[in-house]
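Please look over the structure shown below before reading on.

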Amino acid sequence: MSQTETVRKIPPVLLRELYQHRWRHNLKIPLFYGLLLTAGYLAWTASSVWFQWAMYCCMGYLWMSIVTFMHDCTHETLFKRPWKNWAFGIFSMIPLLATFITFKEDHLEHHRYNRSAQDPDAFTMGKRGVLDFVLFYAYILVGGLLTIIHFTLLYPIRQFGRRQWLIHGAELLLRVAVLGGLLVWASRLGVLDRFLEVWLIPAYIFTFLNSVRFIAEHYETPWNEGQLLGTRTIVSNQLNSFFWNNINYHIGHHLYPGVPWYHLQKLHTSLLPEIRRMGAVVDPGYWGTFLKACWRGPESIERNARHLAERAKLAEASSSS
């Protein structure tokens, strides 16, 4: 069955409803920024190292909340007006160094070529050579650094035209101005070490969580089989879905990227019969999927096919018992 036939399973009336913007849902944005700043203040003033690290973990987790909002901006679904999506996308990415224009271009290309040789994010697939293993585990451990290198240099050099380079350069200059100013200010106040801790430790925790999420979304799904089959939905739990803005309902997002984050659960419910019939991958949690990936390592096309055949046999045995 083609992906076009899958799309027809959603009634047009329901689709129109799912595509509708509801501004009140975006009141979470100031809420999450407020929680992020509160956790930062508590970490800054904490006398207990344990409490300080707990706040760092909260901040890293909340950065995932902000970045999943930014992710909606790449599809122009967070706000109705395109300029608002650009403004929020650029602003939200300043502390994380990577530019919004690069993330947007890379991410839209990922959607066009999901789980294929042209997918810029399909680095987990290779021949399981030494370099494949190095890249795979390096992404887990220092994914933030690799992401900065990829988005700042490698992807722009390979893909950008004049317009994209101008926007990319302007965003980099904005980071130099904002972050450079903050570093100079902190240095003059004699709190540079503390400032770097409150900035960089949560940023590292965020990049690790982002690696967990990123790998779980597509690892060991069918290769070159389109959006529905080449994506994994993680059911997770309602608390995590709330804070990560339903990004775990990833099959629906790949099939209908124009649906805002607050309608993804309803979209998932509507797609469930087709997901089950097609045998698409739905797993209960991030950590189980991620730990399996850590144990199994990078993929190969042949190994991926064998794994999926085994998974299908287990599913068939389970349904017949």
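Which residues in α6 meet which residues in α7? Thr102, Phe103, Glu105, Asp106 and Glu109 in α6 meet His150, Phe151, Tyr155, Pro156 and Gln159 in α7, where contact means heavy atoms within 4.5 Å. This is a predicted model, in which local features need pLDDT of at least 70 and side-chain atom pairs count only at pLDDT 80 or more, while totals for chains, interfaces and linings use all residues. Residues are numbered from 1 along each chain as its sequence is written, and side-chain values use heavy atoms, with hydrogens and water left out.

**The pair of helices**

- Helix α6 covers residues 100-112 and helix α7 covers residues 130-159; helices (H or I, at least four residues) are DSSP runs numbered from the N terminus.
- The two helices, α6 and α7, pack at an angle of about 60°, with their axes 10 Å apart; axes are lines fitted to C-alpha atoms, for helices over the stretch in contact, and angles run from 0 to 180 degrees between N-to-C directions.
- α6 and α7 are therefore oblique to each other, since angles under 35 degrees count as roughly parallel, over 145 as roughly antiparallel, 65 to 115 as roughly perpendicular and the rest as oblique.
- By class, the contact of α6 with α7 has 4 nonpolar, 3 polar and 3 charged residues; Ala, Val, Leu, Ile, Met, Phe, Trp, Tyr, Cys and Pro count as nonpolar, Asp, Glu, Lys and Arg as charged, and the others, Gly among them, as polar.

- The largest pocket has a volume of about 940 Å³; on a 1 Å grid over the protein atoms alone, a pocket is an open set of points with protein on both sides within 12 Å along at least five of seven lines, and lining residues have an atom within 4 Å of a point.
- Of the 44 residues that line the largest pocket, Tyr139, Gly143, Thr147, Phe151 and Asn210 are the closest to its centre.
- Helix α7 supplies the largest share of the lining of the largest pocket, 13 residues, and the residues of this lining divide into 26 nonpolar, 13 polar and 5 charged.
- The second largest pocket has a volume of about 630 Å³, and of the 19 residues that line it, the closest to its centre are Leu37, Trp63, Pro95, Leu182 and Phe195.
- The lining of the second largest pocket takes its largest share, 6 residues, from α3, and by class this lining has 17 nonpolar, 2 polar and no charged residues.

**Cavities**

- A search of the whole structure finds 2 cavities of 30 Å³ or more; a cavity is a set of grid points where a 1.4 Å probe fits but cannot get out, and a volume is the space filled by probe spheres set on the points, which are joined across faces, edges and corners.
- About 100 Å³ of space lies in the largest cavity, whose lining includes His110, Arg115, Asp119 and Tyr219.
- Helix α9 (residues 192-218) gives the most to the lining of the largest cavity, with 3 residues.
- The second largest cavity has a volume of about 30 Å³, and among the residues that line it are Thr68, His71, Asp72 and Trp261.
- Helix α4 (residues 49-74) provides the largest share of the lining of the second largest cavity, 3 residues.
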